Amino acid sequence: MSTPTDIDGRSPGAGTPESRNLPGPGTDREYQADREFQAAWADWHAAHERHRADPHGFLAVTHLHWLDTAPARLDGAPGTWSVEDDAVRLVLGAGERVLRDGHELNPDGTGATVVLGPIPEREGLNLRVEDDGAGHTVIELAKRGGRYVVRPRHPLNPLLARYRGTPAYAPSTEYAVSGIFVPFAAPRPTTVGAAVEGIQHVYEAPGEIRFRLRGEELSLTAFNGHAPGTLSVLFTDATSGKTTYAANRSLTVQAPGADGSVRLDFNRAVNLPCAYTDLATCPLPPAENRLPVAIEAGEQIPYERQDAS
């Protein structure tokens, strides 16, 4: 059984290689391969943690605002915001400064009306607001579930300031398995729920990944990944709600080989933003991706959710 680790990949209380029994001559190659596997995981997870703790990443989100046709002032963002004809109308008053790509949207400081968008689903843009002596605010404007959302992100947000890393299982080659990507006859639009009520996400599923784990034949519906050719799977398993976050975890899968072969390394299963904050709109896994086995690998319930309970 895998055990929890600190974020550097070492099991609490684990000794150094010198303090454990060293392998015999017949197993030194396997020992070295396992050490390399663990070191690669530790490097990857440290990089992932650095990305997560970015000063304007999702841990920096201070508010979640859904826009509609009625103009409204929003906490954490200057101006008055509304939606008209699938675009956002931002009215800035005298002295309100907002930058887009380094350019002032209210250049003379007397006031301005700016139209932003339209923005495609699941995409967005960032605006910048300078803060005297406190680091600047990034204003994220995005479309989620067909609606426009504004999320200010500030580096002094308490969630980010208190972040101390994410617990994870010790890496184990048991949970790095081979699989086969089986494409559908045509990509399937797949509707899934979200971490917030009232919206749904629609993703294109190009196929499914079939694999064997812990004696069971399993499959996962795959979505297109962020990088061209890669795949992304959202899933839950028998650990969800116990040692791992209840709603979802995500795993990126590198592009399939010419024969459809893929590698699923569940040691690299990660939490989505909703595991840390209620100001996220993360998708939930499709029903068929609720695995019946316990995948004791990858990231666990964040400390923030543990503390809240």
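Strand β4 (residues 77-84) and strand β5 (residues 87-92) run antiparallel and are joined by five bridges. Strands here are DSSP runs of E with at least two residues, helices are runs of H or I with at least four, and both are numbered from the N terminus. Two strands count as paired if DSSP finds at least two bridges between them. The model is a predicted one, in which local features need pLDDT of at least 70 and side-chain atom pairs count only at pLDDT 80 or more, while totals for chains, interfaces and linings use all residues. Residues are numbered from 1 along each chain as its sequence is written, and side-chain values use heavy atoms, with hydrogens and water left out.

- β8 has a covered face made of A112, V114 and L116, and an uncovered face made of T113 and V115.

**A residue to look up: L67**

- You will find L67 in the loop between β2 (65-66) and β3.
- Is L67 buried or exposed? L67 counts as buried because its relative accessibility is 8%; buried means under 20% relative accessible area, exposed over 50%, and partly exposed in between, with a 1.4 Å probe and protein chains only.
- Leaving aside neighbours within four places in sequence, L67 is in contact with L74, W81, V83, V88, L141, R147, Y148 and V150, where contact means heavy atoms within 4.5 Å.
- From L67 to P286 it is 219 residues in sequence and 27 Å in space, C-alpha to C-alpha.

**The six-stranded sheet**

- A second topic is the open, antiparallel sheet of six strands in the order β17-β16-β15-β14-β13-β18.
- At its edges stand β17 (249-253) and β18 (261-265), each with a single partner strand, so one side of each is left without a neighbour in the sheet.
- From one strand to the next, the twist averages 45°.
- Ten bridges join β13 and β14 in the antiparallel sense, with G179 opposite F211 of β14.
- Strand β14 (residues 201-213) pairs antiparallel with strand β15 (residues 216-224) over seven bridges, and R210 faces S219 of β15.
- The hairpin of β14 and β15 has two residues between the strands, and R214 takes a positive phi near 50° there.
- β15 is joined to strand β16 (residues 231-235) by two bridges, running antiparallel; F223 has S232 of β16 as its bridge partner.
- In the hairpin of β15 and β16, six residues lie between the strands, and G229 takes a positive phi near 90°.

**Another loop residue: S172**

- S172 lies in the loop between β12 (168-169) and β13 (176-192).
- With a relative accessible area of 17%, S172 is buried.
- S172 and T62 are 110 residues apart along the chain, and their C-alpha atoms are separated by 36 Å.

**The largest pocket**

- The largest pocket holds about 1,700 Å³ of space.
- Of its 47 lining residues, the closest to the centre are H51, H226, S250, L272 and P273.
- A pocket is found on a 1 Å grid over the protein atoms alone, as an open set of points where a 1.4 Å probe fits, with protein on both sides within 12 Å along at least five of seven lines; lining residues have an atom within 4 Å of a point.
- Grid points are joined across faces, edges and corners, and the volume is the space filled by probe spheres set on the points.

**The chain as a whole**

- The chain has three helices and 18 strands.
- Of its 309 residues, 46% are buried.
- Its C-alpha atoms fill a box of roughly 80 × 50 × 35 Å along the principal axes.

Note on methods: Axes fitted to C-alpha atoms, helices over the stretch in contact; angles between N-to-C directions.
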